[in-house]
Amino acid sequence: MAEANENYVQGNGDLKNRRRAVEDVDNGPVHPVNLQRIRDKAQQLRGNLLGQLNTQLDELFDTFINEVEQIEQGPRVTNGDIVYSYTLSLVAPSHFSCKKRNNGELPDKIFVHRRSVLTELLESSHIQTIYHIFVAILIVFSLNTLVYDWVEKGTLNLNFDMIVWAFGKFPKVMSLWVCMQLSTLLVVYPAFYYWSTHRKPGSPDLYDGLWLLLFILYQTAFLALPVKYVVDNDLPPASCVVITCEQLRLIMKTHAFIRENAQKVLSQKKDDDDESDECPDFSKYLYFLFAPTLVYRDNYPRTKTIQWRYVVSNFGQVLACLFYTYYIFERFCVPVFQNFNQEHVTSKALLLSVFGCMMPATLVLFIGFFAILHSWLNAFAEMLRFGDRLFYKDWWNSTTFSNYYRTWNVVVHDWLYTYVYKDIYKLMGSRNRAGPMAMVFLISAVFHEYVLMVTFRFFYPVLFILFAGAGFGFIFLTNKGSSRSWNVFMWVMLFTGNGVLMCLYSMEWYARRRCPVITDSFVDYLIPRSWMCDFAGII
């Protein structure tokens, strides 16, 4: 009781002090230092309240989703005990169901209405200022290029020769893209529809195996024929990137569609006279081909309206990022490496080139992330009224490389987790999780190296070694990292890796154009010409 009285007296005293402060404000002006202190305190209080509110809303939302799943699927009991949350430490982030199923399967991807992280962050004036800084840098780059051309050449170079060359032979690119799209529409779906409607329960495994073999042959042809077309027509680098990325996207899309629906067909139990089938409508397949996701579902959360102004602004940002990348290569990459084999290259010069490439290469990484994973995907999501726009998470705050790989590209990660990790996990069992994880990294590294190999027309597996080697090892090195200093380590490694990639691939690119051919056979594509070129001192 005494303690309560003491608290009451203390509370009255605090209230009197607050009233006295208010009276002082009313009676006369407040010192500017005090005003600034009050303003800072109010801003801090506002931030704390918003942070607590967002945390509580996220917890309530997750609880609601879990309760809906329990109602929908019923209680799952194992040996008399209800199975509670099971969270994967490496491959299943929070946008997956956090329940391990009764049969031991891993959780599935859940699609819900949510905005992209940067869309929410850009509502803050502080993040908008950072965005404006990058816009200002783009303007400065433009002025820098104009002034340089005016002073050095006496003319204004406004034709953007590099962009025109990099995206050259556009009619051939569009012809190949249309052929790939038509084959996906007119071959995959009709073949699957025929198989699903004519297959009877209890059909022999040879029948299903034949159709599986045909699908594998189709995927192989879909992978090989566009490469032959690219090589025969000698498409420039940016055009090759467009073709290879679309090629891999459609391969992953068709695999996801077949993988999800073939399982339904194989597990169906119906009478021979039942005319129902498990093949989804063509409209669902068509929507999935253009939806910004690689995980197939019959239905996705959809928004009610389309904001075309938002679509135009996102495509405008993609165009601005394209010019941003052009200025970076024009000012920081081409002048450094265009005289390859005309100057004496030493190990010291190579080291300086790597460190000189770190900043522009990382800036290209930022621009590519913002242009593709934010602006491009959000534009298509808005046009298709696709509700789940968690294409990435706050990867820049990662203190472990495992979290960085999970949150950097959620779209591709979801496909790797759903159709690679989970399937291999079933084969190897729950005790061997390193095997499925290593396979995920191997496939991802091969895909990335494939894009560069087709784009540059040479095999120089620097990215493969860094990704599947050092990147995979850093997972175990930083797995226990919780201190914010590990975030610094992650950024140092990203800067270093990007600098090495830009430097070595640029050297090999110019070596292929300025150094003599080593051999006329296919082996020439496999031997790094920058190592064999006629200069001394390089390691």
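How many salt bridges does a search of the whole structure find? In this predicted model, the search turns up 12 salt bridges. Three of them are described here, among them the pairs in this table.

| Salt bridge | N to O distance |
|---|---|
| Asp414 and Lys109 | 2.9 Å |
| Asp234 and Arg457 | 3.5 Å |
| Arg259 and Asp423 | 2.8 Å |

**Asp414 and Lys109**

Let us begin with Asp414, which pairs with Lys109 in a salt bridge whose closest N and O atoms are 2.9 Å apart. This pair links distant parts of the chain, as 305 residues separate the partners. Asp414 sits in helix H13 (residues 410-428), while Lys109 belongs to the loop between strand E2 (81-82) and helix H3 (117-121). Are these side chains buried or exposed? Asp414 has 4% relative accessibility, under the 20% limit, so Asp414 counts as buried. Lys109, at 7% relative accessibility, counts as buried too.

**Asp234 and Arg457**

Next come Asp234 and Arg457, whose side chains meet in a salt bridge at 3.5 Å, N to O. Here the link runs between two loops: Asp234 is in the one between helix H7 (205-233) and helix H8 (237-267), and Arg457 is in the one between helix H14 (434-456) and helix H15 (462-477). The two residues are 223 residues apart. Arg457 is buried, with a relative accessible area of 19%.

**Arg259 and Asp423**

A salt bridge also joins the side chains of Arg259 and Asp423, with 2.8 Å from N to O. Because Arg259 lies in helix H8 and Asp423 in helix H13, the pair ties together parts that are 164 residues apart in sequence. Arg259 counts as partly exposed at 23% relative accessibility, whereas Asp423 is buried, its relative accessible area being 19%.

**A look at helix H13**

After the helix comes Gly429, with a positive phi near 95°.

Why is H13 described as largely enclosed by the rest of the structure? The reason is that 15 of its 19 residues are buried. Asp414 and Asp423 are both buried residues of this kind.

Conventions
Residues numbered from 1 in each chain as written. Predicted model: local features only at pLDDT ≥ 70, side-chain atom pairs only at ≥ 80, totals over all residues. Heavy atoms only, no water. Salt bridge = Lys/Arg side-chain N within 4 Å of Asp/Glu carboxyl O. Helix = DSSP H or I, 4+ residues; strand = E, 2+ residues; numbered from the N terminus. Buried < 20%, exposed > 50% of the residue type's maximum accessible area, 1.4 Å probe, protein only.
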